[in-house]
Amino acid sequence: MSDVLLSVENFSGAFRAADGRLTPVLHDVNFALRTGAITAVVGETGSGKSLTALSILGIQPATFVRTSGRILFEGRDLLTLGATALRAIRGRRISMVFQDARAAMNPVFTVGQQLAEVFRLQHGGSRDAAMAKAIDALRRVSIPEPERRARQYPHEFSGGMAQRAMIAMAALICRPTLLILDEPTTGLDVTIQSEIMELIVELGRSAGLTACLITHDLGVVAETCDAVVVMNAGRVVETGTAEAIFTAPQHAYTRKLLAASLLVPA
Amino acid sequence: MPLALMILRRLFWIIPVALGVVTITFFAARVFTGDPTELYTPPEATDELRAQIRERLGLADPLWVQYGKYLSDLLRGDFGMSFTTGLNVGADLSDRLPATLELGLVGMVFGVLAGVPLGVIAAVNRERWPDFLVRGVTLGGMALPQFWIGLVLIWIFFVTLGWLPGPVGRLPIGVNPPPLLTGFLLIDTALAGDGEKFRLALRQLALPALTLGLTTLAPVARVTRASMVEALQSDYIRTAIAMGHGRRVVWFRYCLRNALLPVVTLIGGVAGHVFGGAVLLESIFGWPGLGQYALQAIERSDFAALQGFVIYASLLYVLAFLAVDVLYMLIDPRMRTP
Ligand SMILES: Nc1ncnc2c1ncn2[C@@H]1O[C@H](COP(=O)(O)OP(=O)(O)OP(=O)(O)O)[C@@H](O)[C@H]1O
Ligand SMILES: [Mg+2]
């Protein structure tokens, strides 16, 4: 398939304990992200969603070791790239929104500074121009008074506000080809959750982004995603279009997940 | 503005702290060491002479009268007379302070400037050879007594190699000090344009400062390493890497500043020790600083000198803790909101 932007192929990995023993956690993970689509990765806690996503950017925990497989992005295996080549992809080509945005932002730099420094890193230009871009990005994710907010520190932001800033950084400042979002709304109020999801979908559509959305919320998946990857205990148990997964789930685990979400009668 | 207010409020605390400490010292010294008149009286003196000397030393009055007189003098900025030097304690202290400060500053700056990068190098190479090396060396620096390190350095660089001068104080014997301006020899010689004396003073300073630097470096490197290791595992560092920042930027810009708070606390504590006069260090190197002065005051029951020193020391500690808190606020914005 030529319109596949990224594919994870037979990816397996394990955690190395202090005594050197390996505990396998990912088993032959296989899925593909189609260009321009929003693909959801769902599965209960501990199923390996975050680990897979972090491995794409090479920012997995130091004790995690790959035992097999590859991750192809535009035909290149990300797992074999050197540090410099990987840096050229991080942020610029593949960017990521993390779950706890307040913790994911540096506490000793202003939000504006952090966005501006990422902008300069990737697009160059003067400090002032970068700060103007940062303020602009904050405005586009509907943060009120962006000039004032840009001068504040992450701890002065609410959770939802910080998540907007994080999205501004990962999506608008970086302007990546692929945006990975790891549970971007977990821990936020329900109303704020849906606002953030709307923002993500809108940005995705307008910028022609390819997105990979890791989530627990099947309601969100049904509304917004094109394709779904279902993971359980380190394995991909089912993949398909959102429609297929919701109307004709093949795997028992998928049916259980759907039943638990109350979207579909058991 | 709130910062200036905080500084003022904290500076005000110097008064009760110094008063409390000096009061305790005043009574404790007199009660526990008794009457030091004998120390300052020739053995063959008559009782009459002895009484006169006692009178002159201000020891004849009842304790509370002595205390009242001392406090009222102090209020006028008079620290009283040292039994030993016969000079005003204020003059004695300001005479010795530059020696302690010069040694302390040079040694600490060296220790911090070397210790912080070593800690960073160890942390980013965790469980690899640079880490083991730094941890091994700094463990030595923590475990070995300062005077022992000083003696070994003297033995290597003076006795064996002959590269540096012996431990005879701030200038070689027979060399006159430069015209007194700041009391810092490096500054005064430079201001006087005396390159030769500057070099001599620097060479005298090298070994004690190196000793002090090594004993500062060790804890600084270890604390830096520990807090860098923790900060490196944080979510915000993962974000910085995910956005494509390079390793050096991540370590020194995004991580180090977060890791500095415990280091600043440590340096504040070390500064208290160092500027309070490192007694053994000053003794070994013949350094005419406050540590030696305080030691002598204790040995000779020199009450006014001892009291003057503890006032200075409490001032020092209040200032050191204040500096730590101000640095905290500068480094971490979360500290700025009360
Ligand atoms: N640093 C680590 N050391 C050891 N095991 C880990 C570590 N991080 C994750 N794991 C294990 O790896 C497995 C997959 O974890 P992962 O974080 O990918 O789960 P997840 O699907 O993202 O779950 P959640 O929905 O709770 O975020 C889990 O079994 C977890 O216990
Ligand atoms: Mg997760």
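Buried, for a residue, means under 20% relative accessible area, exposed means over 50%, and partly exposed is anything in between. Keep that handy while you work through these exercises on a predicted model.

**Exercise 1. Work out whether A:S55 is buried or exposed, and list what it touches beyond its sequence neighbours.**

Step 1: find the residue. A:S55 sits in helix α1 of chain A, which covers residues 49-57.

Step 2: check the accessibility. The relative accessible area of A:S55 is 3%, so this serine is buried.

Step 3: look at the surroundings. Once residues up to four places away in sequence are set aside, A:S55 touches A:F11, A:Q60, A:F64, A:I71 and A:L79.

**Exercise 2. Classify A:S194 and give its C-alpha distance to A:V220.**

Step 1: A:S194 is part of helix α8 of chain A, residues 190-207.

Step 2: at 39% relative accessibility, A:S194 is partly exposed.

Step 3: A:V220 is 26 residues away from A:S194 in sequence, and the C-alpha to C-alpha distance is 8.2 Å.

**Exercise 3. Find the salt-bridge partners of A:R139 and describe how accessible the residues involved are.**

Step 1: recall the idea. Side chains of opposite charge can pair when their charged atoms come close. For a salt bridge here, a side-chain nitrogen of Lys or Arg has to be within 4 Å of a carboxyl oxygen of Asp or Glu.

Step 2: check accessibility. A:R139 is partly exposed at 41%. A:D136 is partly exposed at 33%, and A:E147 is partly exposed at 40%.

**Exercise 4. Start from the salt bridge between B:R135 and B:D131 and find the network around it.**

Step 1: the closest N and O atoms of B:R135 and B:D131 are 3.0 Å apart.

Step 2: both residues lie in helix α6 of chain B (residues 129-143), four residues apart, or about one turn.

Step 3: compare the two ends. B:R135 is partly exposed, with 29% relative accessible area, whereas B:D131 is buried at 0%.

Step 4: follow the shared partners. Salt bridges link B:E127, B:D131, B:R135 and B:R225 into one network. Across all chains, the structure holds 20 salt bridges.

**Exercise 5. Describe how α5(B) and α13(B) are arranged, and which residues meet.**

Step 1: get the geometry. The axes of α5(B) (residues 89-124) and α13(B) (residues 290-299) come within 8 Å and cross at roughly 140 degrees.

Step 2: name the arrangement. Over 145 degrees would count as roughly antiparallel, and the two helices are therefore oblique to each other.

Step 3: list the contacts. From α5(B), B:V89, B:D92, B:L93, B:R96, B:L97 and B:T100 meet B:L290, B:G291 and B:Y293 of α13(B).

**Exercise 6. Sketch chain B as a whole, then locate a nonpolar patch on its surface.**

Step 1: count the elements. Chain B has 14 helices and zero strands.

Step 2: take the overall dimensions. Its C-alpha atoms fill a box of roughly 85 × 55 × 40 Å along the principal axes.

Step 3: look at burial and surface. Of its 338 residues, 46% count as buried. The accessible surface of chain B is about 17200 Å², with 70% belonging to carbon and sulfur atoms.

Step 4: find the patch. B:W155, B:I156, B:F158, B:V159, B:L161 and B:W163 form it, with about 620 Å² of accessible area together.

Step 5: zoom in on B:W155. This tryptophan is in helix α7 of chain B (residues 146-160), and at 53% relative accessibility it counts as exposed.

How values were computed:
Residues are numbered from 1 along each chain as its sequence is written. Chains are lettered from A and ligands numbered from 1 in the order in which they are written. This is a predicted model: local features need pLDDT of at least 70, side-chain atom pairs count only at pLDDT 80 or more; totals for chains, interfaces and linings use all residues. Side-chain values use heavy atoms; hydrogens and water are left out. Patches are made of residues with over 30% relative accessible area and no salt bridge: like charges are joined within 9 Å, nonpolar side chains (Val, Leu, Ile, Met, Phe, Trp, Tyr) within 5 Å. Accessible areas come from the Shrake-Rupley method with a 1.4 Å probe; for residues, only the protein chains shown count as cover. Buried means under 20% relative accessible area, exposed over 50%, partly exposed in between (1.4 Å probe, protein chains only). Axes are lines fitted to C-alpha atoms, for helices over the stretch in contact, and angles run from 0 to 180 degrees between N-to-C directions. Angles under 35 degrees count as roughly parallel, over 145 as roughly antiparallel, 65 to 115 as roughly perpendicular and the rest as oblique. Contact means heavy atoms within 4.5 Å.
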